[in-house]
Amino acid sequence: MINLHVKMKDFDGAYDLLKEMKERNLSHTVGIYNAIMAGYFREKNIYGGLMVLKQMEHADVMPDSQTFCYLLNHCEREEDIIKYYEKLKCAGVQMTKQVYMALINAYASCGLFEKAKQVVLDGVPNKSFNEIKSALASALAIHGQISDAFDIYEEIKDSGCNLEPKAIIPLIENCQSEGELTRLLQLLEELHDPDYRVEGCCRVLLYCVKYNHLSTAIDLLKQLKDAFHVHDNELAMEATVEEVFCLIAETQPVNLKIGLDLLTAIKEELSLRPSRKSLDFLLAACVNSKDLHNARLIWKEYKAAGFTHNVLSLLRMYQAFLACGDHKSAATLLHRIPKDDPHVCCVIEACQTTYAKSSLKSKEKKKKEKMKEDDRKEFDKEGVN
């Protein structure tokens, strides 16, 4: 019941049950307090989590290794790491692999990377050595020390072992500089667990879209289609494609070409129908790049995919017309947009204001350029005379 209250974020209810247990002379276990502590930390309530430790002391309940894992994972200062590590030793709590990992994460999150490495150098259990060292590589990658993380990765490979799958994902996620595709594909090949493999594919796919690696992106989409087909999970595939087009729409400058090429590949090579949301993102990309020609092409894709134009697509196309200076077409389309929703009216007004200012700036710029050109010609005339 206490776990249920914690999951519902009802900490008062959890404490009421603790009081009730005390009144009935029922013993409080460390697991109960750990559940409440974990709940507070999940909610980013550090003070609440630390207060649980105080309550454990008052109730004469000894913390266990899991308690110290929670505490170490939420340390914000080196002094706190030292304090809880000393408490752990004084309490005679066993150093489990989870504690070693928590200690590494604590140091790394405080920017104490050499001390994080020292945890492994000081000696860890042989049976957990690879897992703990993988956790070190993961922690370094997450906190921006990608070069050091790959050094640890190479050390693990040289020792004849493999990086743990859950540690490979942070390396892929944080290795985002241009020119890293070969390294990312190598990491991906080491992911044999189906779930981690799918996650890794998705992250490398987004990298390919970001840096314009079209053929590899298409290949990864095919792999993902096969993986999702095994589990009959078409919605997951649809969400992945939508995330790709969302990235294209949000990236500046907009790389519309790869978006259009991927749309073609999705239809022709993967035999998939683009979702409405995917087309919405592509239409937004056309707006951002002020590409009216391709906006018209995407506009036709809605019908080809079996969708009617809803309020969102109408607003996007209205934006495209305004952004590209086709005010006549914008005025015609405006009559088709339902205006019974005040939010829609606000969007229309915002579009008109934004693109009116943009148009004015463009005109002023052209006017200044013409004046400069006229001045130059006048100067040239005077020079000749």
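Begin by selecting helices α6 and α7: α6 passes α7 in a left-handed crossing, a term used when the near helix is turned anticlockwise from the far one by less than a right angle, whereas clockwise makes it right-handed. You are looking at a predicted model, in which local features need pLDDT of at least 70 and side-chain atom pairs count only at pLDDT 80 or more, while totals for chains, interfaces and linings use all residues. Residues are numbered from 1 along each chain as its sequence is written, and side-chain values use heavy atoms, leaving out hydrogens and water.

**Stop 1: α6 and α7**

Helix names follow DSSP runs (H or I, at least four residues, for helices; E, at least two, for strands), numbered from the N terminus. To find the pair, select 78-90 for α6 and 97-109 for α7. Their packing angle is about 165 degrees, and their axes are 11 Å apart; the axes are lines fitted to C-alpha atoms, for helices over the stretch in contact, with angles from 0 to 180 degrees between N-to-C directions. That angle makes α6 roughly antiparallel to α7 (over 145 degrees; under 35 is roughly parallel, 65 to 115 roughly perpendicular and the rest oblique).

Now show the side chains of I81, Y85 and L88 on α6, together with V99, L103, A106 and Y107 on α7, which make the contact (heavy atoms within 4.5 Å). By class, these residues are seven nonpolar, no polar and no charged. Nonpolar here covers Ala, Val, Leu, Ile, Met, Phe, Trp, Tyr, Cys and Pro; charged covers Asp, Glu, Lys and Arg; the others, Gly among them, are polar.

**Stop 2: V120 in α8**

Next, select residues 113-121, helix α8, and pick out V120. V120 has a relative accessible area of 8% and is buried (under 20%; exposed is over 50% and partly exposed lies in between, with a 1.4 Å probe and protein chains only). Leaving aside residues up to four places away in sequence, V120 touches I104, F129, I132, K133 and L136. For a distance check, draw a line from the C-alpha of V120 to that of C69: the two are 51 residues apart along the chain and separated by 17 Å.

**Stop 3: back towards the start of the chain**

Select K9, in the loop between α1 and α2. K9 has a phi near 65 degrees, a positive value in a residue other than glycine. Most residues other than glycine have a negative phi, and most peptide bonds are trans. K9 is exposed, at 51% relative accessible area.

Continue into α2, residues 11-23: its 13 residues reach 19 Å from first C-alpha to last, close to the 18 Å expected at 1.5 Å a residue (the expected span is 1.5 Å times one less than the number of residues). Colour F11, G13, A14, Y15, L17, L18 and M21, which are buried. What covers them includes α1 (2-7), α3 (30-42) and α4 (46-58). Just after α2, look at N25, where phi is positive at about 60 degrees.

**Stop 4: α3 and α4**

Keep α3 and α4 in view: their axes are 7 Å apart and meet at an angle of about 165 degrees. The two helices are therefore roughly antiparallel, and their crossing is right-handed. On α3, show V30, Y33, I36, M37, Y40 and F41; on α4, show I46, G48, G49, L50, V52, L53, Q55 and M56. This contact divides into 11 nonpolar, three polar and no charged residues.

**Stop 5**

Move on to α14 and α15, which pack at about 155 degrees with axes 9 Å apart. α14 passes α15 in a right-handed crossing. The contact involves L221, L224, K225 and F228 of α14 and A236, M237, T240 and V241 of α15: six nonpolar, one polar and one charged.

In the loop between α15 (234-250) and α16 (256-268), find P253. The peptide bond from Q252 to P253 is cis, with omega near -5 degrees.

What packs around α16? Its buried residues are L256, I258, G259, L260, L262, L263, A265 and I266. They pack against α13 (194-210), α14 (214-230), α15, α17 and α18 (292-304).

**Last stop: S271**

Finish at S271, in the loop between α16 and α17 (276-288). Phi of S271 is near 55 degrees, another positive value in a residue other than glycine. S271 is exposed, at 59% relative accessibility.
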